[in-house]
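I opened my notebook to record, step by step, what I looked up in this structure.

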Amino acid sequence: MSRVVQTGPEAIAAAEPAVRIETSRWRRFVAQYVSSKAAVISLVVLLLAIAAAVLAPWISPQNPYDLASLDILDAKLPPGSKNFDGSLTYWLGTDGQARDVLSAILYGMRTSLLVGFVSVTAAFLIGAAVGLIAAYFGGRMDAFLMRLVDMQLSFPSILVALVLLAALGKGVDKVIIALIVVQWAYFARAARAAAIVERNKEYVEAASCMALSWHRILWRHVFPNCIPPLMVIATIDLAHAIALEATLSFLGVGVPVTEPSLGMLISNGFEFLLSGTYWICFFPGIALAIVVVSINLVGDHLRDILNPRNEV
Amino acid sequence: MIATIVRRLLQTGLVVLVMSALVFAGLYLIGDPVLMMASPEATDLEREAIRRNLGLDRPLWEQYFIFLSKAVQLDFGNSFLTGESAMHLIIERMPATLELATLAMFISMVVGVPLGIYAGLRPESLLSRGIMSGSVLGFSLPNFWVGLMLIMLFAVMLGWMPAGGRGPVETFGPIELSIFNWDGLRSLMLPALTIATAKCALIIRVTRAATRECLPQDYIKFARAKGLNERRVLGVHLLKNIMIPIVTIGGLEYGQVFAFAVVTETVFSWPGMGKLLIDSIVNLDRPVVVAYLMLTVVFLATLNLIVDIGYTLLDPRVRLGGAA
């Protein structure tokens with residue numbers, strides 16, 4: 001459609017209703033979203049967590065990976081203790097290496113959220129491309145790609161990720177690769193389902209009549225209309241990715257010790273848990289739970305709103 | 001009906017074959033076993049001899065064929081660590097995982113189905129909303145996290161149950177089970193609860209959705225119109241119909257628990273197959289990893305097949321519909 005260049009006041013008049021429909025749709029979406037108190041609260045919590053993670057170097061009381069600022073005498077202090085000259089309060093206690101648990105959580109959140117966002121974005125794009133191609137070309141291409149998806153989905157993601165990481169080794173980049181591999185198939189399936197509906201609509205026919213190339217039709221015309229269901233999956237998958245990364249790091253095949261995520265912190269605290277030094281493990285665990293649950297609640301509500309069956 | 005089963009059998013065989021090729025290819029890509037087995041001082045000539053001895057100089061397809069024919073005989077080589085047959089090591093650990101998975105699925109069914117039916121019958125009540133919010137928690141919280149919290153609460157703070165290990169077992173021939181022993185059951189309880197938390201959440205959701213779909217159907221109205229008491233309407237007419245999706249999901253999940261048990265078994269040092277897998281991955285004990293993967297592939301594929309066929313038998317619409 002964008003090949004047709006319109007000028008003059010008629011064009012502006014013609015374009016205006018479309019814009020109004022867009023804004024009113026957006027307004028309706030916002031209005032529907034704020035109708036659920038739980039969803040609003042979880043969104044706020046999530047945004048706070050993201051802000052805390054991004055701002056960690058500036059807001060955390062201590063840089064937990066600057067060895068010079070650690071004093072081994074402060075190791076395993078209970079929550080609320082102060083350091084020896086009273087200049088710093090360890091609100092959530094300290095761990096076995098005298099790190100402030102609160103600072104470690106803020107830094108750990110950075111790694112966890114980074115891994116989650118990057119892997120979900122990549123899986124989203126790869127999956128959407130596969131799904132759109134399968135839906136658009138149909139036939140053998142569709143059958144082949146969807147068998148691939150079925151096969152991928154028939155294996156538990158934790159098992160696939162474990163084996164992949166066993167082969168690739170540790171590292172933030174490797175965890176991201178493993179997470180992309182286990183997640184793309186969900187997006188591919190959803191994108192295909194959405195694109196099959198869109199494929200038969202008039203605007204696609206119009207676009208093909210204008211002899212636009214197939215990738216242009218797919219990305220510029222079909223893809224934008226498939227985004228809502230994919231967004232729902234992306235949100236829920238983000239929680240899944242963060243939880244999976246935490247699990248992998250807990251099992252010792254995830255991120256390296258130098259860039260600990262929340263899962264790594266929990267794993268480090270686990271050895272102290274049985275001796276009653278609960279805070280090293282407990283608070284990172286609570287932070288992880290808050291992030292994962294709030295993302296899930298946001299996703300749950302998004303699904304209710306964006307479900308096409310609910311549209312009037 | 002028979003044609004459907006045969007076709008599904010062939011499909012399952014194909015999936016297993018493709019997966020075996022993938023596992024083999026992955027094995028081939030990971031690295032050179034000769035470098036790991038030969039001493040660092042070995043000369044090229046000695047390495048070449050090892051390579052020939054192991055048959056690694058033959059063409060790839062021939063190696064794959066040997067791998068397959070050995071795999072059919074359940075021979076995946078010996079563990080690098082203990083020298084025992086990899087298959088034997090896994091089979092030895094199987095009862096521990098089996099009883100864990102069975103108890104976990106049992107708990108989640110017994111708790112999940114009634115809660116799900118209740119939430120489906122009274123979707124607006126406060127309790128139903130509580131159940132549904134609880135189920136969001138249940139499946140969004142990572143498994144190891146739930147395990148840790150249970151350890152903290154029941155093992156460290158209350159001291160009711162041990163924090164890990166398997167406890168005493170009863171032996172039945174070659175099989176050791178702890179489920180029939182009070183102390184054994186106590187150490188089985190926490191890991192089983194950990195897995196059940198996640199699975200129960202899923203069962204609740206499936207049951208609730210199925211109940212809500214079933215309730216407005218004519219046969220429920222008719223059963224009520226006949227004057228049957230509520231217990232019979234729910235216990236017979238409703239339950240029979242919602243069991244189809246529940247059995248399907250439950251069966252598939254039972255298979256997934258074997259994989260999920262990897263995490264739970266590690267948290268609780270439960271000596272099952274999952275713990276063995278993690279230990280083997282950490283120790284680069286390749287034969288055990290391969291044997292475990294192949295076994296899981298065959299197991300999951302077979303389970304899918306059984307669920308599919310069971311589905312056909314349970315649902316007369318599918319059974320009598322013929323080719324579908």
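Among contacts in chain B between residues at least 6 apart in sequence, what percentage join residues at least 24 apart? I looked this up and found 71%, where two residues are in contact if their C-beta atoms, placed from the backbone, lie within 7 Å.

Before going further I noted that this is a predicted model, in which local features need pLDDT of at least 70 and side-chain atom pairs count only at pLDDT 80 or more, while totals for chains, interfaces and linings use all residues. Residues are numbered from 1 along each chain as its sequence is written, and chains are lettered from A and ligands numbered from 1 in the order in which they are written.

**Entry on chain B as a whole.** I found 13 helices and two strands in chain B; these are DSSP runs numbered from the N terminus, with helices being H or I of at least four residues and strands E of at least two. The C-alpha trace of chain B spans about 85 × 60 × 35 Å along its principal axes. Of its 324 residues, 33% count as buried, that is, with 20 or more other C-beta atoms, placed from the backbone, within 10 Å of their own.

**Entry on the two chains.** I then looked at where the chains meet, and 30 residues of chain B are in contact with 33 residues of chain A. On the side of chain B that touches chain A, the elements that give two or more residues are helices H1 (2-30), H6 (126-140), H7 (143-157), H10 (230-267), H11 (273-282) and H12 (286-314) of chain B. The largest share, seven residues, comes from H7(B). By class, this side of chain B has 23 nonpolar, seven polar and no charged residues; Ala, Val, Leu, Ile, Met, Phe, Trp, Tyr, Cys and Pro count as nonpolar, Asp, Glu, Lys and Arg as charged, and the others, Gly among them, as polar.

**Entry on a helix pair in chain B.** The axes of helix H5 (residues 86-121) of chain B and H6(B) come within 9 Å and cross at roughly 130°, the axes being lines fitted to C-alpha atoms over the stretch in contact and the angles running from 0 to 180 degrees between N-to-C directions. The contact is made by Leu115(B), Tyr118(B) and Ala119(B) of H5(B) and Ser128(B), Ile131(B) and Met132(B) of H6(B). These residues divide into five nonpolar, one polar and no charged.

**Entry on H4(B).** Helix H4 (residues 60-72) of chain B has 13 residues and reaches 18 Å from its first C-alpha to its last, close to the 18 Å expected at 1.5 Å a residue, a span taken as 1.5 Å times one less than the number of residues. Just after H4(B), I noted that Leu74(B) takes a positive phi of about 60°.

Definitions and conventions: A residue is buried if 20 or more other C-beta atoms lie within 10 Å of its own, exposed if 12 or fewer, and partly exposed in between; C-beta atoms are placed from the backbone.
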